[in-house]
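Please follow each point on the structure as you read.

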Amino acid sequence: MLTEITDYTADADSPATAAAPRGSHRAAGGVVTVLVPAHNESAGITETLTSLNNQSLRPDRIIVVADNCTDDTEALALAQGVEVLRTVGNKDKKAGALNFALSELLPEADPEDLILVQDADSQLALDFIENATKNLLADELLGAVGGVFSGGPGGGFVGHLQRNEYARYARDVKRLHGKCLVVTGTAALFRVKTLRDVVSARLEGTLPPGNGKGGVYDTSVLTEDNELSFALLTLGYRIASPSNCTLVTEVMPTWRELWAQRLRWKRGAVENCVQYGWTKITRPYWGRQFLSMIGVMVTLAYFSSIIFAFITGAGLNLHPFWIAVTAIFVLERIVTLRFRGWRYMLLAATMYETVIDMFLQAVHAKAYLDAALNRKKVW
């Protein structure tokens, strides 16, 4: 029975208590187990679990991996009738918590069973698991199916800007028929046999060793989902984020928190490229890093030229070429916001979003500098 209450307590370094399978059914594709890593997620865990319990294809097991929680996340999860697997002493954050849970699950699972990893601050569309399962089963070489996310409410102006950003991301993924660069950690569905392939490859040295113990997730990196995407592609799998697999995730409520989040994402992505080197898999990712660096330099040159013009008294002169370039840029801002409706499209024409463009350029520059100087990583 799905809603059976089970409370597991185990040591992250020395797992002694097995999360024994129980009460599951074997549907097409095997048993579906959901792992929800959670660290002090009391604010949203109930809503997240409600979306899982109401899925059109209900998962067989839902396990909240409570990692160093000091709030009532565990109690709220148990109240929703799901299992709780508690880590003690885990120092590797989300990746460490997931490795611990997977080390319990993978040995006992059937190769065709499915495991969905979902963030505790995200709510799946009610047909997410059904659609993700269909997509995964339709392609044997598909290593993971991720979600297309939109931004949740709140956050004021900075939240609004993130919702626009996510809407553009969803548009891009739809235009590419689900092709994506990264299966994000917000929600991703895997076959058990795929994850076992990753474990074997890490132990054999085909992939970076990660935690050195055959953990699925690399605990040495800032962006474990980006690294796992690289790992799957290196092993010959494909990854996808189909447009019918949607979810809502939280937005960062302040500029400070957005800075921290994006700095981690950006630096992690850069270092994942360095980690895997120059291969046919990583070339597109290196290309994006190169374009991002060009963007940072162009932005710096743009503002430097304006400051120089004012300081020297030369003033600003409008040229038809640059007016045309600006018009194209404005049109891009309008068209790419189509998913949010015409009101947002009209507003985008004012170029008010330039503030977050500049903000993200600054984040990129800081990430490149930190990576180049090998500064201490901060989660």
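The numbered points below go through strands, helices, cores and single residues in turn.

1. This is a predicted model, in which local features need pLDDT of at least 70 and side-chain atom pairs count only at pLDDT 80 or more, while totals for chains, interfaces and linings use all residues. Residues are numbered from 1 along each chain as its sequence is written, and side-chain values use heavy atoms, with hydrogens and water left out.

2. Begin with strand β2, residues 32-38 (helices, H or I of at least four residues, and strands, E of at least two, are DSSP runs numbered from the N terminus). Because 7 of its 7 residues are buried, β2 is largely enclosed by the rest of the structure; buried means under 20% relative accessible area, exposed over 50%, and partly exposed in between, with a 1.4 Å probe and protein chains only. In a regular strand, side chains alternate between the two faces of the sheet. In β2, Val-32, Val-34, Val-36 and Ala-38 point one way, whereas Thr-33, Leu-35 and Pro-37 point the other way.

3. Which strands does β2 pair with in the parallel sense? It is joined to β5 by 4 bridges, running parallel, and it pairs with β3 over 6 bridges, also in the parallel sense (two strands pair if DSSP finds at least two bridges between them).

4. At 1.5 Å a residue, the 13 residues of α3 should span 18 Å, and its end C-alpha atoms are 19 Å apart, which agrees; the expected span of a helix is 1.5 Å times one less than its number of residues.

5. In the largest nonpolar core, which has 40 residues, Leu-35, Ile-115, Phe-190, Val-216 and Tyr-217 touch the most other members (such a core is a set of buried Ala, Val, Leu, Ile, Met, Phe, Trp, Tyr and Cys residues joined through side-chain atoms within 4.5 Å). The elements giving two or more residues to this core are β3 (61-67), α3 (93-105), β5 (114-118), β9 (187-191), α6 (192-204), α7 (224-234) and α8 (255-276), and the largest share, 7 residues, comes from α3. A second, separate core of 32 residues includes Ile-45, Val-64, Val-84 and Leu-114.

6. Tyr-217 deserves a look of its own: leaving aside neighbours within four places in sequence, its contacts include Ala-95, Leu-98, Asn-99 and Leu-102, together with Phe-190 and Leu-228 (contact means heavy atoms within 4.5 Å).

7. An open sheet of 3 strands has the order β6-β11-β8, with mixed pairing. The strands β6 (122-124) and β8 (148-151) stand at its edges, each with a single partner strand, so one side of each is left without a neighbour in the sheet. Between β8 and β11 (residues 246-249), which run parallel, there are 4 bridges, and Ser-150 stands opposite Val-248 in β11. Helix α5 packs on the sheet, touching β8 and β11, and its direction makes about 160° with that of β8 (axes are lines fitted to C-alpha atoms, for helices over the stretch in contact, and angles run from 0 to 180 degrees between N-to-C directions).

8. Is Asp-119 buried or exposed? Asp-119 lies in the loop between β5 and β6 and, at 17% relative accessibility, counts as buried. By contrast, Lys-179, in the loop between α5 and β9, counts as exposed at 61% relative accessibility.

9. Finally, the UniProt record (an unreviewed entry) places the feature "transmembrane region" at residues 290-311 and 317-335; UniProt positions follow the numbering used here, feature names are shortened, and annotations may be inferred rather than shown by experiment. In the model, residues 290-311 are 100% helix and 0% strand, with end C-alpha atoms 31 Å apart, while residues 317-335 are 84% helix and 0% strand, with end C-alpha atoms 28 Å apart.
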